[in-house]
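Please review the following briefing alongside the sequence and the structure. The points are grouped by topic.

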Amino acid sequence: MQKDEVLRLLRDPNLIHPEKLTLLSNIAAQAASLNMPCYVVGGFVRDLLLRQPVNDLDIIVEGDAIKLGNQLVKTYGGRLTVHQKFYTAIWHLPDTFNLEPSTLDLITARKETYEKPGALPTVTPSTIEEDLRRRDFTVNAMALRLDGEGFGEILDPLKGQTDLERGVIRVLHPKSFIDDPTRVFRAIRYEARYGFVIEPETASLINPESLSVLKRLSGERIRHELDLILDEDEAAQMLARVAGFGVLGAVHPKMPEFNQENKDYLEMDARLDVPADKRAMGYALWFMELSEADVLSIAARLDFTNELTLAVWAASQLWRGLPHLVGSKPSVWTYALEKLPLLSIYAVYLILRENDLLSYISIWRHVKPRTTGNDLKARGVPPGPRYGEILLRLRSAWLDGELTHETEEKELLEKLL
Ligand code: CTP
């Protein structure tokens, strides 16, 4: 793309927040003063050329990124976290910048070598071209120059622009997925997000050899990729593709396919007062019909937090146990459900459409008697388990429709005392 057109896109406030552009110009000026070729790379360039709003700024310099970082902190404030071993720094922007995200990665252009497939790479400083060659896909391997006269020039040695125009996701070399099998998930994510296709030769590299490396990835790395998929609008479509490439079995032998009929349920309903955690909802829906042993084994493989494990486990337990609750009184529902995360209950409601689950979420769980422990104390009830029993009895009476007015509660309380 011509420089003029790039400059026009950079100035489009629908694509880049004007303050972000100012930040870019400031970085550019600082890099120029250090005679350091400086670029913004990766997703920023891809999304800009697609005329989509850009997010993260990943800054690469041919030179010492830490030096640039120190200079930026000196001039504009904020602070720096330095990773000497990787020649990178994170600039925590000054509060006055008021930008999201509030940090910025400053990276020294580097070469990466993978000593073992799937392991984290060894890094040595290098040129921007080499840096682009270490990347995942052609569409992510472009740089936009920032410093000096070059401001706005696109560096595209791997023909990323052609693939963007054709709508193609293509790796840079045949060993790409073996070096880093998380790229399998990334390819699938970009394909569905942009309505692209994974180019056939690239797709053929998602094969038993690269899947055997993927199998050895840590749970944390795989879960991170699945989390990113669940964050996307087209998550269900992506998960179908993950299954289609035979990735699920490589992650865990019992990983089920995501049921496509449930795709609309990945979006939480904001009207209900249920914590909106799209990822937890995704996993709860995905693993609901598994046995308890399989849920726990997959949760361990994916290095779920205890909280997430509980949410998924509770959904599958409730899904299985629901027939035993159907037809119960509201109080029985309420006391059974109260121990479970709200999100799990809502997930099961979405699948089984049992109205009593919704009644619990929107009404029953909020029902409390007017009488409090203090009232009982004032009435001279001696400390002990009777407090709980009386309050529970009153609450059940409200829940089950025995009480409809406060005076009735008072009458019942008199009987109980
Ligand atoms: N990258 C890579 N291989 C990976 C991860 C990242 O080559 N396994 C490179 C790509 O050039 C990518 C850049 O690092 O563009 C930044 O990575 P990331 O922030 O994860 O992706 P984005 O391109 O910003 O895409 P997204 O919109 O999905 O965040």
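A backbone N or O atom of Gly43 lies 3.1 Å from an oxygen atom of the ligand, a polar contact in the sense of a pair of N or O atoms within 3.5 Å; within protein, one atom must be able to donate a hydrogen and the other to accept it, and residues adjacent in sequence count only if both atoms are side-chain atoms. The model is a predicted one, in which local features need pLDDT of at least 70 and side-chain atom pairs count only at pLDDT 80 or more, while totals for chains, interfaces and linings use all residues. Residues are numbered from 1 along each chain as its sequence is written, and side-chain values use heavy atoms, with hydrogens and water left out.

**Ligand surroundings**

- The ligand is surrounded by 14 residues, of which the closest are Arg135, Asp136, Asp180, Arg189 and Arg193; a residue counts as near if one of its heavy atoms lies within 4 Å of the molecule or strand in question.
- Arg135 places a polar side-chain atom 2.8 Å from an oxygen atom of the ligand.
- For Arg186, an N or O atom in the side chain is 2.9 Å from an oxygen atom of the ligand.

**Helices α2 and α4**

- The axes of helix α2 (residues 18–33) and helix α4 (residues 65–76) come within 10 Å and cross at roughly 120°. Axes are lines fitted to C-alpha atoms, for helices over the stretch in contact, and angles run from 0 to 180 degrees between N-to-C directions. Helices (H or I, at least four residues) and strands (E, at least two) are DSSP runs, numbered from the N terminus.
- α2 and α4 are therefore oblique to each other; angles under 35 degrees count as roughly parallel, over 145 as roughly antiparallel, 65 to 115 as roughly perpendicular and the rest as oblique.
- In α2, the residues Asn26, Ile27, Gln30 and Ala31 meet Leu68, Gln71, Leu72, Thr75 and Tyr76 of α4, where contact means heavy atoms within 4.5 Å.
- This contact of α2 with α4 comprises 5 nonpolar, 4 polar and no charged residues. Ala, Val, Leu, Ile, Met, Phe, Trp, Tyr, Cys and Pro count as nonpolar, Asp, Glu, Lys and Arg as charged, and the others, Gly among them, as polar.

**Helix α11 and its partners**

- Helix α11 (residues 219–231) and helix α12 (residues 235–244) have axes that come within 7 Å and cross at roughly 140°, which makes α11 oblique to α12.
- Leu226, Ile229 and Leu230 of α11 form this contact with Ala235, Met238, Leu239 and Val242 of α12; the residues divide into 7 nonpolar, no polar and no charged.
- The axes of α11 and helix α14 (residues 278–287) come within 9 Å and cross at roughly 100°, and the two helices are therefore roughly perpendicular.
- The contact of α11 with α14 has 5 nonpolar, 1 polar and 5 charged residues.

**Backbone geometry**

- Most residues other than glycine have a negative phi, and most peptide bonds are trans.
- Asn35, in the loop between α2 and β1 (38–41), has a positive phi of about 55°.
- Glu100 and Pro101 are joined by a cis peptide bond with omega about -10°; Pro101 lies in the loop between β4 (88–92) and β5 (103–108).
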